[in-house]
Amino acid sequence: MITSTVLLLLLALLPTLSADRFPYLHPVSIDTDPENMLPADEPVRVAHNASKKQFSLHDGIVVGIVNETHPRGVFNVSTLTKVDEITRFAMELEGVVEVDVMSLSTVDSISQAGPGTVRFQWLMAKPPADQAEADDIRSRAMRIPFLRDTLFSADGKALALYIPLRNKNDAHEISVALQSKIDAIGSGDDGFHIAGLPVAEDTFGSEMFIQMAIAAPAAMLVIFLLMWFFFGNLLVILSPMIVAVIAALSTMGLLIVTGNTIHIMSSMIPIFIMPIAVLDAIHIISDFFDRYQHYRDRRKTLVKVLGDLFQPMLFTSLTTTAGFASLALTPIPPVQIFGLFVGFGVLLAWFWTITFIPSFLMLIPEARLEKFGRKERTGDGDSHDDGVALFLARSTSRGAPLIIAGAVLLTAIAFLGISKIEVNDNPTRWFEPDHPIRIADRTMNSHFGGTYNAYLSLKYSPPPYDPDSFAEGLAEKAQRMEEALSAAAEAVQQHLNSLDRGTILDLLDEIDRFVRQRRLSSESAPKRGAWTTLEGWLDWAFASAEDDETPPADGRSELKETLASAAAEMREASSRYRSIVEEVAGQAPETSDDFLAALSLEIETISTSEDRWRVVGTMLSSVQQEKQAFKDPLLLGWVSELQEFIGQHPVVGKSNSLADIVKTVHRDLTSGSEVDYLIPSHRDTVAQTLEQFLSGHRKDDLWHFVTPSFEEAMVWVQLKSGDNRDMQDVVAHLSGYLEGHPPPVDLDEPQWFGLTYINVVWQQKMVSGMIDAFLGSFIVVLTMMTFLFRSISWGILSMLPLTITVALIYGMIGLLGKDYDMPVAVLSSLSLGLAIDYAIHFLARARQLHRELGDWDRAREAVFGEPARAIGRNIIVVGLGFLPLILAPLVPYQTVGYLIASILLLAGGVSLVLLPALMTIGQRWFFAGDADGSGVPEEAPAGSKE
Amino acid sequence: MVTSITAIFGLAAVIGGASGDLSVEEIVKRTNHAAYYQGNNGRARVSMVITDGQGRKRERELSILRYDAPGPDGEQKFYLYFHAPADVARMTFLVHKHLDRDDDRWLYIPALDLVKRIAATDKRTSFVGSDFLYEDVSGRQLDQDHHELLKTTENFYLLKHTPKDPDSVKFAHYTMWIHKKSFLPTKVEYSDASGEVYRVMTVGRVETIDGKPTVLEATMEDRRTGSRTVLTYKDPAYDIGVPERVFTERYLRRAPVKYLK
């Protein structure tokens, strides 16, 4: 026992302490990544990672700086100087994605600098020298909607630094470095907050250890003291402690040796194993205690005790194991691992309990047991617990109908509570409300658009392709372009007619104005294209007119002629293009890309630098660019409206997208005033606007929002809450909207990604998975019970305490409004394990005593002797024993502490009160078979038990 | 700073000019000339392929015209015209490069039929969305750096340039391999404060055009983002007689097609 444990621990510890020397062994590895709640190959997670890569997104640290005292908020010389220094410091840290660090010091601003001049500059190239400069930074910053509420708060009191990390496992180290930098600079009247999910995860990892190192041992200590109180013999109670510790340590050792990580779930394994291990041991010790003075012989007492307890203990362990092992049915790997290992630990504890504890007791010299154990009964009610037991024994008999009615009523209320259960989780809330992470969370979410990120990925869905209809489409476009060109050329001819005869250059100037104006006022793409083509022709006309040393006398006729022949050439080129399209269609290219490639190759082989081919080139490239859906103003407008709608949700603080970039740059390229904060109405305007953004200091920021092919885009939604419930609500909010507002261009189903969303997905899986697991184990345990008692009605009877306990626990959670989160979910398995234990012990002994005594009334009094006392001690020892968990620094452990105590109390109470009451009422059924020594007839109506 | 876009425009620094012991200043001066000032004017059609860290490509095609003010290497004018992609075609840029003050820059956005003057506070912004910076293309002023000759090999000089005002730029220093005969920089490496090289320019192909060694392919690699930009020059030509008037606002709207190719 000791050897195997030490061996396991060595196997686990050696590689941890000295990884190089034991390369084949697994060191302890901590996993605090909520993403791992889903298997690595889970489609949602695969898509999440693909999208993160697609848009070059990294998890990172957020440093929040708040200044409530300065009249200018954070926009003052001192604060901005600090921000600049910290930014520069952060950018040089190893592991930081330098180019993506976002701070006032690292972002661009575009602004108007006098009429016709646009200024591109760093928002804060260097810290301000005086308040006037700080004010200038503030006023320029406030003009960038894209950054407002993201990089700084609209009230100017807070600003943020986004520090993306190459690897989020460096978060702790980097946040420590940042903190010491902040300490060195001195915070002054600024409040600094370091937040971000990676930091939370890291902190969680270390607090998990505090919990395992302090809370679990503290629980053991309390259990130890309580057992001491009950049994009074230090030596005897040492044995359950040893069994519990050994079972927990071996299981953890095995967990590590098999290469599993220590996760929020697996860190709770010891806490679950220990009460269950102690549970069995207490049954033995308790019985031993009660009987020792009767036999005053270790061996005889043990033979009697084990004779009575072996079967119930085997079954309780098997059922508990079944309960936990059923967690393997959930689709969440950490929960599966948790269930399997706790199941294993329970079996291990059982094995050591039936082997080690008797041996241990045998080794205790009889002399030391002189005073051990309960004195022989001398009369009724001479001790406190006897009184309670007797009271219970009698009241459960007399008050049976009342008890049953009460149980039915409570269960009904419980189901009402269950219907109110709110499924929700939020990793940030795993910390206590006064934890710095929670404080940072509250502060930053009150100032900014939100620190919880969810992303919506939008992908262009090209129309189905077949070469013929594709060719048809191309030809049709060429046709429209030709018509537009003819019309445009005709319009120019007429305009020329209306002009006076003058020099060619003067006429060209006039036509130039005319063509430009017509292009700008054209709505349709072919018309715009036609006018653009004419502008190309004008370039050449100008060039040759400039060179012409002997200008013709009648410039107008000359121009009319050249234009007519140019237009004819272009039409010819276009019709040639159409026949090439047909030819290429004949080759039946497999994809539209292949089609266009073949087409462009064909055109290159026959075209020279001749002017007329320009029109063809324009047509071709405009087709090639059609796939770049996110340059389409209609689609960008749709994205904008979608953002506006999603922004109405109370949890959504802000959203950012390509549309916002386009609007901002467009505004500052044109008038700089709010009327121009819009999506321009043409594709080429969008493209040319974005080109200016790309010429800034932070061109790569664009690729966070759209792929270089412009086929996929992303909307970054900032949420003020990381509650799964809220994210779920936003998802539902949007999908309702999408139904009524289809995109103007075909898109794939919009997909959410980001950790906040991933949390929702695994939670949904957890809820449905837990229901399956619970139902599965319920059926397994019912079968086992039926087998144990050789009776369906006894089987069902034994399931009642756990059914009611689980119902009451979850009913209570529903009524109290406590969120159904991960620890709450897995506790149903613990309830099953613990509650069935009490039922088995109670029923097995009741039945046995009934056989021995031949009468339920006498058996009932007897069952409230040793068996009930053992259960009572269990409830108190284990229930109180786990209350120290309430002191744990992390909320999930506190929840477990409260709930274990409640489960024990309820399961024990229900077993001791409801079971005897039911047996009293239904004794003819239950004991019918016992009278003639055969099993209970199968026809016992199962439904009547409810 | 020196790169290749403009390298094509220069006169070969004095043919065979690498005489025995040149001073650092002389090497820097000749390199500057070879990289930016060959010929009195010139033209090239540039195709630009930007490949990001994930292998995704974007392409641009533009023409560049250059005009040098008479006299020693000093004021220059540049004209840029976009041919492709179609949605940015006809966009133009105009630069009047000065040595004693900020450059004058203009931009024409055809979709809005808008000419804008650009007031930029620094030259270290992206050149048309590529990994080259505006400064790489227009040239970094020689007096902004301390120059140091690290070593001389059979064919190359290795120079180290350290900015006089370290706060004005991101790099801590850059080194430059200069071909002794042509005085063309063939590799430039930018290092950050920790000494790590984060940007590298390499010249892929050089040919002699009109007797002038001319860069035909240059690559800029940004090691922090994994992105790289390859510039390929088609039909470079020197002394094509492009008149100074082309480098005025009027021609932003009206492409001087005769000189563009």
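Trainee: How do you know that strand β3 of chain B is mostly covered?

Mentor: Count its buried residues: 8 of the 9 in β3(B), residues 76–84, qualify. Buried means 20 or more other C-beta atoms within 10 Å of a residue's own, exposed means 12 or fewer, and partly exposed is in between, with C-beta atoms placed from the backbone. Remember that this is a predicted model, where local features need pLDDT of at least 70 and side-chain atom pairs count only at pLDDT 80 or more, while totals for chains, interfaces and linings use all residues. As for names, residues are numbered from 1 along each chain as its sequence is written, and chains are lettered from A and ligands numbered from 1 in the order in which they are written.

Trainee: What is the mean pLDDT of chain B?

Mentor: The mean is 88, and 92% of the residues of chain B reach 70 or more. pLDDT is the predictor's confidence in each residue, from 0 to 100. Watch residues 1–19 of chain B, though, where pLDDT stays under 50. For the complex, the predictor gives an ipTM of 0.92 and a pTM of 0.87.

Trainee: Back to β3(B): which strand does β3(B) pair with over 8 bridges?

Mentor: That's β2(B), residues 57–68, in the antiparallel sense. Strands are DSSP runs (E, at least two residues), helices are runs of H or I with at least four, and both are numbered from the N terminus. Two strands pair if DSSP finds at least two bridges between them. Asp68(B), for one, has Gln76(B) as its bridge partner in β3(B). β3(B) also joins β4(B), residues 92–97, through 6 antiparallel bridges, and there Lys77(B) stands opposite His96(B).

Trainee: What makes the peptide bond from Ala84(B) to Pro85(B) cis?

Mentor: Its omega is near 0°. Pro85(B) sits in the loop between β3 and β4 of chain B. Most peptide bonds are trans, by the way.

Trainee: What about Arg683(A): buried or exposed?

Mentor: Arg683(A) is buried, because 23 other C-beta atoms lie within 10 Å. Its place is in helix α22 of chain A, residues 683–694. Among the residues that Arg683(A) touches are Lys631(A) and Asp87(B); contact requires C-beta atoms, placed from the backbone, within 7 Å.

Trainee: How do you know that the span of helix α29 of chain A agrees with its 31 residues?

Mentor: The expected span is 1.5 Å times one less than the number of residues. For α29(A), residues 891–921, that should be 45 Å, and the end C-alpha atoms are 43 Å apart, which agrees. α29(A) is mostly covered too, with 23 of its 31 residues buried.

Trainee: Where is the kink in α29(A) centred?

Mentor: On Ser911(A), with a kink of about 25°. The bend at a residue is the angle between axes fitted to the seven residues ending there and the seven starting there.

Note on methods:
Contact = placed C-beta atoms within 7 Å. Lists of a residue's contacts leave out its neighbours within four places in sequence.
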